[in-house]
Amino acid sequence: MRVDPELMLEPLVDGLLSDVLADPERLSVMVEALGSPLNLVVPERMAANAETYRDVFRRNRLSGRTYFAHKANRSSALVRGVVAGQCGVDVASLGELRHVLAAGFTGDRLMATGPKDAEFLWLAARVGAVVNADSPAELAELADIVARFEMPPVPVMIRISGFDSAGVPILSRPSRFGVHARELDVALDLLDRHRDRLRLRGVSYHLDTTGVEEKALALEGCLLAMHRALERGFAPTAIDIGGGFGVNYLADRDQWERYTTELGTAVLGRRPPMTWQNHGYGLRSEAGTLRGTLGVYPAYREVAGPRYLDELLSWESPSLGRSLAVLLLENMYELYIEPGRGLTDQCGATLARVVEVRTTHTGDTLVRVAANSRDISAEDHAVLMDPVLLPERPGAPASVYLTGNLCLEDDFLTRRQVTLPRPPVPGDLLAFVNTAGYFMDFAADHALMQPIARTVAVYRDAGGWSWCLDEQYWPGKGSSS
Ligand SMILES: Cc1ncc(COP(=O)(O)O)c(C=O)c1O
């Protein structure tokens, strides 16, 4: 098999995670005792990441609040890492709400988002969380709960989608969530009828896109919606711009550019396949011409996380004539953000044990690990990134396919060949880095009765690091207390 070390996509690893990965013997003992796969989370890093977003607020002289989008990870240690700092949490289910209340959050630090059933609405209202309403019907149901149970008025936000662009049309993708911008008045009429039960805190959006332009359009739309609410006699104070600030996963821009270029060449058949059955990730060859669009996450991103937020806030609004940060400031609006993936950057890794290495009749190397594509679901989120092979040993690079422990033809941890610094052997560990945001437990299940990963929290201690089971982590553990 032809091995091209240039096709590596080495992950970016820093902070406590790199110290932890530097001790493969200890990790091996942990996996021996707790099983493979094993999730590691770094709760202290959540607070440090939150600070980087607060810096952006400070630089732009904005006040507001960061809500961690809990859906990114189920770990108790991570939410306990957050409760010890200044952030709130965005909860999107009754289970998440109960989880964060048990971690010590009070209702005033919580934002309830997503589709809500009556029980979720009831508990959110009972604890005084902000309810980020998805529709007028949800507001009506909430008003009814508040009246029936004689609760104090509940702060609410109206989630808006479908923003219109003035001038040059900007695509605003359709969403199944929220009130269409043109139907805002329907929601305001409803709030008007329930002024003693629901208090309008402001308006919100969350867009599942990396495009700054589209988000800037949505933020402009929210500014206009705030204006409309003020005209109607409400006193909203905050705009919530959701999450989606992203993460840079890769260490090297050249590797990323080379990989994506070569993938096109492979799809055209002008070099050996780089993926299982020459899968094109959205690209295809039509009569020798490359067609389609590469449907992967931009795993190498110069502008991600807090820098992305800064870029959005610096965006000059063509219709309103000033940067979005200045417009928020002039109107004295608070800015709320709900980063999930961005806040969990470098907050976790997943370890998997190599079980078997075999060569197919076509000469491909298949490396089977004690984990599957639901345990480590980066591929599902179209994030292309190599794992780290532990322990480090000398050897020649090897390009291999990573297969999982499910009896399913398509259970590949990644459909692309990964290039490891040496050939792996049974007993080695693969560390999948930066899995805390959606890749470690979002999709994990007990298919085929395979075990799902246990999660342990790692923290700095006595000049090194210690660990405990996820549920045993509370703020103050370790030397940083
Ligand atoms: C309402 C809402 N807020 C925040 C987020 C977090 O997004 P991200 O993890 O991309 O920052 C999501 C993700 O789906 C969401 O639906």
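Let me start at Pro37, which sits in the loop between helix H2 (24-34) and strand E1. The model we are looking at is a predicted one. Ser36 and Pro37 are joined by a cis peptide bond, with omega at about 5°. There is another cis bond to point out, running from Leu390 to Pro391, with omega near -5°. Pro391 is in the loop between E15 and E16.

While we are on the backbone, here are some phi values. Gln277 is a residue other than glycine, and its phi is positive, near 55°. You will find Gln277 in the loop between helix H10 (253-267) and strand E10 (283-286). With a relative accessibility of 70%, Gln277 counts as exposed. Gln346 is not a glycine either, and it has a positive phi of about 65°. Gln346 lies in the loop between E12 and strand E13 (348-359). Is Gln346 buried or exposed? Its relative accessibility is 2%, so Gln346 counts as buried, the cut-off being under 20%.

Now to helix H3, residues 43-59. H3 has 17 residues and reaches 26 Å from its first C-alpha to its last, close to the 24 Å expected at 1.5 Å a residue. Which residues of H3 are buried? They are Pro43, Arg45, Met46, Asn49, Ala50, Tyr53, Val56 and Phe57. Looking down the axis of H3, these buried residues fall within an arc of 150°, so they line one face of the helix. What does that set of residues pack against? The partners are strand E1 (38-41), strand E2 (64-69), helix H4 (76-83), helix H11 (306-314), strand E12 (334-337) and strand E19 (454-461). After H3 comes Arg61, with a positive phi near 55°.

Next, the interior. In soluble globular proteins, nonpolar side chains tend to be buried together. In this model the largest nonpolar core has 108 residues, and Ile241 and Leu309 are the ones with the most contacts inside it. Helix H9 (residues 212-231) supplies the largest share of this core, ten residues. Leaving aside residues up to four places away in sequence, Leu309 touches Tyr53, Val56, Phe57, Ile241, Phe245, Leu335 and Ile337. Tyr53, Val56 and Phe57 we have already met among the buried residues of H3.

On to the aromatic rings. A pair of aromatic rings is described by the distance of the centres and the angle of the planes. How many aromatic pairs are there? The count is twelve. In one of them, the rings of Phe163 and Tyr205 have centres 6.2 Å apart and planes at 80°, so this pair is edge-to-face. Phe163 lies in the loop between strand E6 (154-161) and strand E7 (179-180), and Tyr205 in the loop between strand E8 (198-204) and H9, so the pair ties together parts that are 42 residues apart in sequence.

Tyr401 counts as buried at 2% relative accessibility, and Phe412 counts as buried at 9%. Ring pairs also link Tyr53, Phe245 and Tyr308 into a cluster.

A word on the cysteines. A disulfide is a covalent bond between the sulfur atoms of two cysteines. How many disulfides does the model have? The count is zero. Cys468 is in no disulfide, and the nearest cysteine sulfur, that of Cys347, is 15 Å away. Cys468 counts as buried at 7% relative accessibility, whereas Cys407 is exposed, with a relative accessible area of 69%.

Last, Ala382, in the loop between strand E14 (365-369) and strand E15 (388-390). Ala382 counts as buried, with 17% relative accessibility. What does Ala382 touch, not counting residues up to four places away in sequence? The contacts are Gly295, Val296 and Tyr297. Ala382 and Tyr297 are 85 residues apart along the chain, and their C-alpha atoms are separated by 5.4 Å.

Conventions:
Residues numbered from 1 in each chain as written. Heavy atoms only, no water. Core = buried A, V, L, I, M, F, W, Y, C linked by side-chain atoms within 4.5 Å. Buried < 20%, exposed > 50% of the residue type's maximum accessible area, 1.4 Å probe, protein only. Helix = DSSP H or I, 4+ residues; strand = E, 2+ residues; numbered from the N terminus. Contact = heavy atoms within 4.5 Å. Expected span 1.5 Å × (residues − 1). Arc of directions from axis to C-beta. Disulfide = S-S within 2.5 Å. Phe/Tyr/Trp six-rings, centres within 6.5 Å; stacked < 30°, edge-to-face > 60°.
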